[in-house]
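Please keep the sequence and the structure in view as you read.

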Amino acid sequence: MIEYRCVVENPMGIHARPAALLAQLCVNSRNSVTIRCNGKEANGNNVLQILGLGAKKGDILTIVIDGATEQEELENIKKILNKEIAAEDSVHVLKIAFFGTKDYDRVFFQELTKDFGPGTYNSEITFLNSRLTEETASLAKGHDAVCIFVNDEAPKEVIDILHEEGIRLILLRCAGFNNVDLAACKEYGIKVARVPAYSPYAVAEHAMAIIQEANRRLHKADRKVRENNFALSGLLGVDLHNKICGVMGTGKIGECFARIAKGYGMTVIGWDAYPNQRLVDEGLLTYVTKDELLERADLISLHAPLIMGPNGTYHLIDAAAIAKMKDTVMLVNTARGPLIDAEALIAALKEGKFHAVALDVYEGEDANVYTDRSDEPLPHSITARLQIFPQLVLTSHQAFFTREAMQAIAVTTMENARNFNEGKPLGNAECTL
């Protein structure tokens, strides 16, 4: 363990941007970092706690680091704390219309945008409850940018309106951008920036959690016990140990899921349009053809992007793919709903296919995502039809929803806004055709 003391030199103290960058550094570290100031203590990986220290110029910070790479961690922390403030005047304040606001969005974004001046994010957010649609796009009037999420709509008709209202930047607080017409944005010179990665662990962990819930019938078990029914009928699951796990899409999230499955004692096979030889070399998985994966896997987890058109991933799992699977297969989707043909899935479930299915995303979910519809009937909807199957678990597009992921989304989104506002490259965050 090492302890480091320093005096805060920044005239603005430890404001939102250095706090955000420091927290993100610590989230991705294997060391434990604690920061103390003015009798208060914060976890180094929590931006809200760091801001809660209220560290001002002249205050003394005490940083305690405990772990395998303490000195390296300290040097990285020093780089953030010692970063010089630009001497030039403050840049233009970027006005952002934030669509689809929820209370958990405000918690992070409000804190990151409360400071103005050199070195800050220099952004002013108008929080809107409405989703971005053709009917609500005009609410962006008077702003420079809009910030949207996976359930917002940005086809050409919406882009036309945003252009008319003077929008120059679309900030996606998510990784996917299939809901944005990039051709229309290019035509108008509107930049589009996303969050390429936030917390692959969050999504992978949720995928394993819900497929185990479906496998072990935990959703049913909880309801039975709450009704004082302690019988085990209808709750029979299967061991994952020594089973075959098929991972479709072996990017960062797929890799994380593969490691979790490996930890369960599973043999992992993978399918990807662009195989990662590193995963093979370290013995994590073996790549096979799509058909071989479908035929051999006892558990299939989807982590591929949604790509439309020929050779794309739209309806990657259709009736033909399902027919190749074992009748006792387990299927989980935390990627994009349209990867699975919902009608084909429902038809197969009716025929007794699948030991367990777990869906955090599914075709036809858009009207429900992040909306309280508890007082409304959902007759004939895909959601209602899926809910009738006892071996199926549904969650509402929440795989990303951890504190670490929300913090990373907010920080990366505001870094994108700052880079755009200062005329800097957007790097791999920029969405292009």
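Let's begin with F98, which has a relative accessibility of 0% and counts as buried (buried is under 20% relative accessible area, exposed over 50%, partly exposed in between, with a 1.4 Å probe and protein chains only). This is a predicted model, in which local features need pLDDT of at least 70 and side-chain atom pairs pLDDT 80 or more, while totals for chains, interfaces and linings use all residues. Residues are numbered from 1 along each chain as its sequence is written, and side-chain values use heavy atoms, without hydrogens and water.

**Rings that meet**

Seven aromatic pairs turn up in a search of the whole structure (rings of Phe, Tyr and Trp, the last by its six-membered ring, pair if their centres lie within 6.5 Å; planes under 30 degrees apart are stacked, over 60 edge-to-face, the rest tilted). One of them joins F98 and F109 edge-to-face, at 4.9 Å between centres and 70 degrees between planes. F98 sits in strand β5 (residues 94-98) and F109 in helix α4 (residues 103-112), 11 residues apart. Helices (H or I, at least four residues) and strands (E, at least two) are DSSP runs, numbered from the N terminus.

Y104 and F401 also pair: their ring centres are 4.6 Å apart and their planes meet at 65 degrees, so this pair is edge-to-face. Y104 belongs to helix α4, whereas F401 is in the loop between β16 (392-394) and α15 (403-421), so the pair ties together parts 297 residues apart in sequence.

| Residue | Relative accessible area | Class |
|---|---|---|
| F98 | 0% | buried |
| F109 | 1% | buried |
| Y104 | 22% | partly exposed |
| F401 | 41% | partly exposed |

Ring pairs also link Y104, F149, Y370, F400 and F401 into a cluster.

**A sheet and its helices**

Now look for an open sheet of seven strands, paired in parallel in the order β12-β11-β10-β13-β14-β15-β16 (two strands pair if DSSP finds at least two bridges between them). At the edges are β12 (286-287) and β16, each with a single partner strand, so one side of each has no neighbour in the sheet. Within the sheet, β13 (residues 299-302) and β14 (residues 330-333) pair over four bridges, and L302 stands opposite N333 in β14.

Helix α7 (residues 200-215) packs on this sheet and touches β13, β14, β15 (356-359) and β16 (contact means heavy atoms within 4.5 Å). The direction of α7 makes about 145 degrees with that of β15 (axes are lines fitted to C-alpha atoms, for helices over the stretch in contact, and angles run from 0 to 180 degrees between N-to-C directions).
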